[in-house]
Protein chains: 2
Amino acid sequence: MKVVIIGGVAAGLKSAAKIRRSKPQAQITVIEKGKLISYGACGIPYYVGGDIDDVTQLMTTASGTVRNADYFKNIKDIDVLTETMATNIDRVTKTVTIKDLKTDNESQLLYDKLVIATGATPIKPPLPGIDLANIYQMWHPDDAKAVRRGLETGKFKNAVIIGAGLVGMEMAEALTNWGIKVTVVEMKDQVLSFLDAEMAASVAQYATGQGVNILTEEKVIQFNGDGVVSEVVTDKRSVLADLVILSIGVKPNVELARQAGLDIGVTGAISVNEYLETSDPDIYAGGDCVENTNLVSGKKVFAPMGSTANKHGRVIGENICGGRVKFRGVLNTAVVKFIDFNIGKVGLTEREAKLLGYEYIAATISGHDRPHYMPEVKSLSLKLVVDAKNRRVLGAQAFGEGDITKRIDVIATALTLGGTIDDLFDIDLSYAPPYNGPIDNVAVAANVVMNKIVGQMVGISSFEAKKRMDEGNAIFLDVRAPEELKKIRLAHSDLKNIPLGQLRERVDEIDKDSEVVAVCKIGLRGYEASVILKGQGFNDVKVLEGGITAWPFQRDAD
Amino acid sequence: MKVVIIGGVAAGLKSAAKIRRSKPQAQITVIEKGKLISYGACGIPYYVGGDIDDVTQLMTTASGTVRNADYFKNIKDIDVLTETMATNIDRVTKTVTIKDLKTDNESQLLYDKLVIATGATPIKPPLPGIDLANIYQMWHPDDAKAVRRGLETGKFKNAVIIGAGLVGMEMAEALTNWGIKVTVVEMKDQVLSFLDAEMAASVAQYATGQGVNILTEEKVIQFNGDGVVSEVVTDKRSVLADLVILSIGVKPNVELARQAGLDIGVTGAISVNEYLETSDPDIYAGGDCVENTNLVSGKKVFAPMGSTANKHGRVIGENICGGRVKFRGVLNTAVVKFIDFNIGKVGLTEREAKLLGYEYIAATISGHDRPHYMPEVKSLSLKLVVDAKNRRVLGAQAFGEGDITKRIDVIATALTLGGTIDDLFDIDLSYAPPYNGPIDNVAVAANVVMNKIVGQMVGISSFEAKKRMDEGNAIFLDVRAPEELKKIRLAHSDLKNIPLGQLRERVDEIDKDSEVVAVCKIGLRGYEASVILKGQGFNDVKVLEGGITAWPFQRDAD
């Protein structure tokens with residue numbers, strides 16, 4: 001059997017390795033346009049930021065061997081042709097035309113099975129000045145090296161990052177590590193567009209607190225400079241810049257597939273079925289160039305991720321060797337570290353649930369990631385979105401200094417298996433003080449959704465609460481101790497403070513007929529207050545969900 | 001409605017709070033034998049070890065309020081009677097007799113619904129000398145304070161911990177922090193009896209490396225000393241001891257329930273149905289005094305855990321207020337931190353699966369918990385036990401310096417929802433270099449089980465491999481680079497070393513008809529080697545699962 005694989009990074013090489021393990025006699029050829037194969041592009045921000053000292057570490061195995069063509073030949077008996085481009089696929093004769101980029105010589109390869117793993121390319125907007133020096137895309141190790149060298153030599157003082165997605169935020173951390181001024185310009189009205197607005201606002205609030213200048217709803221229109229970039233011009237201002245990072249996203253490389261007459265999906269990526277076959281059953285496609293199905297919504301999505309590409313590679317390898325393995329789909333899971341903040345999302349956001357017509361309940365909680373008495377304790381906020389009809393979890397989002405990836409991964413597992421909030425509550429999650437509390441944040445969030453469903457708790461999101469605050473009719477009742485308010489509180493001229501322990505005796509100080517928004521640090525005492533007030537005949541008490549920990553608007557302190 | 005709750009720690013107070021939120025008019029009385037209520041006993045080792053400075057932190061809410069009777073009265077309108085013991089339950093008249101331990105006055109409380117949450121008591125073996133001073137059980141904050149004071153003043157130099165369970169290992173860490181000599185004596189043939197033998201052996205190997213003296217299969221027979229303990233005598237030796245920690249387990253407090261004629265289960269704990277009703281439908285029971293059902297095996301188990309007790313409290317509260325909520329069961333999840341090692345288990349071990357008659361496949365992998373190029377990277381070993389008939393996951397165990405609780409919790413979620421290894425592989429787990437690699441350890445382990453099922457990989461556990469090594473017939477082939485062997489290798493006089501990259505050309509150096517055990521650091525290169533050798537006509541190549549990272553026997557270095 002002859003297998004030709006176009007693309008020598010994650011999906012391509014993974015499928016090659018899988019095929020070799022099942023078929024010792026198969027002839028496997030991998031075609032790669034670039035000089036490098038199988039490099040860990042996801043590690044680039046950590047090299048630029050100084051966590052990693054040697055960029056070649058991104059190209060080695062865990063045991064230190066460089067993953068080059070020799071390695072694949074020696075260890076796996078796979079032929080890898082680098083600096084070689086596939087220029088045409090002839091599906092009738094089952095021939096791929098390839099061109100050696102060093103010599104420009106063309107030749108042809110016959111295949112029984114073909115794998116297209118051509119990946120994606122960062123988008124480079126055709127703006128005036130885009131080709132000035134020191135405008136980089138964080139895609140290739142050579143770019144990373146140039147930026148790192150500039151940082152080490154003190155060449156860069158003012159960086160502008162264009163695009164506040166995953167890579168944009170990772171690069172904002174990397175550059176902040178070097179103590180230079182960092183501005184992030186984002187066209188949309190929030191950072192990290194995969195989050196709901198109020199979650200993104202908390203991330204932006206944190207970023208601003210860390211000295212990063214965040215400009216949203218702002219469009220870059222040109223770059224100025226004399227050979228070298230010196231200024232980024234947006235539709236609202238000019239920003240000084242001696243370094244520009246473009247991180248506005250990637251587009252799938254589908255030209256070869258399109259020319260070959262293969263189906264392209266609604267998202268613009270290559271269309272594949274659940275076996276990762278293209279519209280030609282002898283041609284598979286995987287990795288960043290194909291579209292996926294979101295497991296929760298069933299909708300097609302373009303969600304390029306190294307983790308997905310590796311799964312694709314295994315499924316393609318199995319199926320080429322006669323298997324019939326399905327790739328089930330993705331959850332659009334995304335996590336990103338930004339300085340000391342961890343941020344994540346899995347499944348559907350509230351915005352997506354609304355758009356898709358779900359009747360849903362959302363709830364946000366804040367809390368500690370382990371018992372408050374442990375010295376390593378950190379906070380996190382977690383939002384759950386749940387189908388109100390059948391209690392199935394639709395998605396989750398989280399941010400904070402606490403351990404959020406554990407919670408995101410637990411919910412990813414529940415989403416994969418169709419779990420409900422009742423399931424989330426029931427899971428016998430591991431418990432020991434160094435790791436988490438006896439009631440995990442996931443169970444607390446599930447519990448709050450249950451309470452909301454039966455009307456035992458009426459919650460209000462930070463965005464809704466802010467509207468109420470601006471309208472001026474609701475009473476904002478902070479039930480924390482006065483010392484806690486001195487440290488941090490909602491910026492509100494008319495904030496009422498009655499500590500929870502005094503609420504029963506001081507209940508007459510509040511008008512029973514008013515709308516009351518109960519506020520505390522994380523939402524728990526606010527909930528206790530709402531129970532007390534309802535017991536005293538109050539009719540309209542809402543709990544500020546996630547408390548002041550998840551309040552993305554102005555906060556005051558003495 | 002009158003509700004009486006016997007027991008003022010996790011399950012009791014949680015059910016009280018839940019009832020109050022649903023029934024503002026209910027009369028709720030909690031009876032607690034001790035002076036303290038609702039304290040975080042799980043935090044005691046961290047107070048003793050010095051992580052926590054003030055033991056009262058174990059008794060406060062996250063916002064710093066002491067959870068005493070006043071707190072429960074003020075905030076939740078719940079009456080808590082401390083230093084009060086329930087002495088009798090009359091189910092006909094629905095009356096609990098209580099005794100004030102300060103005055104010895106007896107009185108009676110009527111109930112509509114009764115909750116028994118009497119907890120468990122540490123086992124104190126009736127050995128000669130057991131009442132000598134400085135023999136402690138880590139149960140009450142007063143004991144913790146006495147031990148901490150002794151450590152701070154340098155009074156203790158030689159500690160003996162009896163019982164190598166969760167608390168025993170946590171205390172071994174705590175005492176090691178103070179630089180004193182620690183010996184752990186365990187009657188069974190391994191530490192942490194909830195683990196399979198080879199996993200436990202790796203933990204013991206690590207503990208020994210950290211200077212802790214581990215004595216297994218050794219029974220304490222008496223304590224010597226003149227008023228104060230000075231020596232622990234086992235069936236094999238005498239050990240110097242000025243401090244003894246008893247941590248041989250707990251027994252459920254069931255006397256009151258037994259006297260009242262309620263059913264006691266096969267495990268010796270109170271028997272409850274899925275609604276947590278005892279054999280009397282007006283009496284609920286929860287927390288450490290009841291028995292649970294293991295969700296995987298369906299068997300009754302005694303598995304006292306603070307996390308389970310809190311879940312029980314909520315279920316009982318809901319059901320007393322007219323709900324019909326089920327408590328589904330437990331997974332016997334256990335995690336423990338021991339110095340820089342994280343150790344965990346969920347579901348069934350291989351030993352349990354065998355005992356219960358499952359036809360199972362087990363596989364152990366080692367690996368990094370995030371990409372090898374990240375500075376925070378750590379190793380972990382993960383063992384999966386899978387039902388060979390239907391591919392359902394039965395359980396998992398893990399150890400190492402890496403982040404194991406995330407993986408244990410993901411598998412706990414899968415177990416709760418009946419997931420298979422295919423599900424584990426499919427989960428779109430979060431991926432970013434600060435947190436994990438593109439193929440998570442859980443997916444790697446699932447993949448190895450799949451490969452074992454179809455015979456693509458033949459694995460051998462460390463225990464089986466050691467037997468082969470001692471018999472002397474198999475060739476142990478280490479395929480790492482010579483420099484790696486210099487640092488650490490199996491202690492074996494006849495270890496053959498051919499680096500993986502040279503294996504194809506040097507294959508003639510190995511006898512094709514021999515049994516070959518392929519060895520590497522984590523098992524991956526061993527697997528590659530087995531694929532190469534099988535391709536070259538070898539018939540009996542086994543991969544050492546988990547590599548040298550999971551080798552619990554002697555390891556050599558230059």
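## Questions on a predicted two-chain model

Ala26(A) is found in the loop between α1 and β2 (27-31) of chain A; helices (H or I, at least four residues) and strands (E, at least two) are DSSP runs, numbered from the N terminus. This is a predicted model, in which local features need pLDDT of at least 70, side-chain atom pairs count only at pLDDT 80 or more, and totals for chains, interfaces and linings use all residues. Residues are numbered from 1 along each chain as its sequence is written, while chains are lettered from A and ligands numbered from 1 in the order in which they are written.

Student: Is Ala26(A) buried, partly exposed or exposed?

Tutor: A residue is buried if 20 or more other C-beta atoms, placed from the backbone, lie within 10 Å of its own, exposed if 12 or fewer, and partly exposed in between. Ala26(A) has 18 other C-beta atoms within 10 Å, so Ala26(A) is partly exposed.

Student: Which residues does Ala26(A) touch, not counting residues up to four places away in sequence?

Tutor: Two residues are in contact if their C-beta atoms, placed from the backbone, lie within 7 Å. With those sequence neighbours set aside, Ala26(A) touches Met1(A), Val3(A), Ile19(A) and Arg20(A).

Student: What relation superposes chain A on chain B?

Tutor: The copies are superposed by least squares on the C-alpha atoms of residues with pLDDT of at least 70 in both. A rotation of 180° with 0.0 Å of shift along its axis does this, at RMSD 0.0 Å. That is the relation of a two-fold axis.

Student: Why do the copies meet through the same surface?

Tutor: The contact takes 68 residues from chain A and 69 residues from chain B. The copies meet through the same surface because the share of interface residues of chain A that are also interface residues in chain B is 100%.

Student: Which element supplies the largest share of the side of chain A that touches chain B?

Tutor: Elements of chain A that each supply at least two residues of that side include α1 (10-22), α8 (306-320) and α10 (405-416). The largest share is nine residues, and it comes from α10(A).

Student: How far apart are the C-alpha centres of domain 2 and domain 4 of chain A?

Tutor: The domain bounds come from an automatic or database domain assignment. In chain A, domain 2 is 135-248 and domain 4 is 459-556. Their C-alpha centres lie apart by 37 Å.
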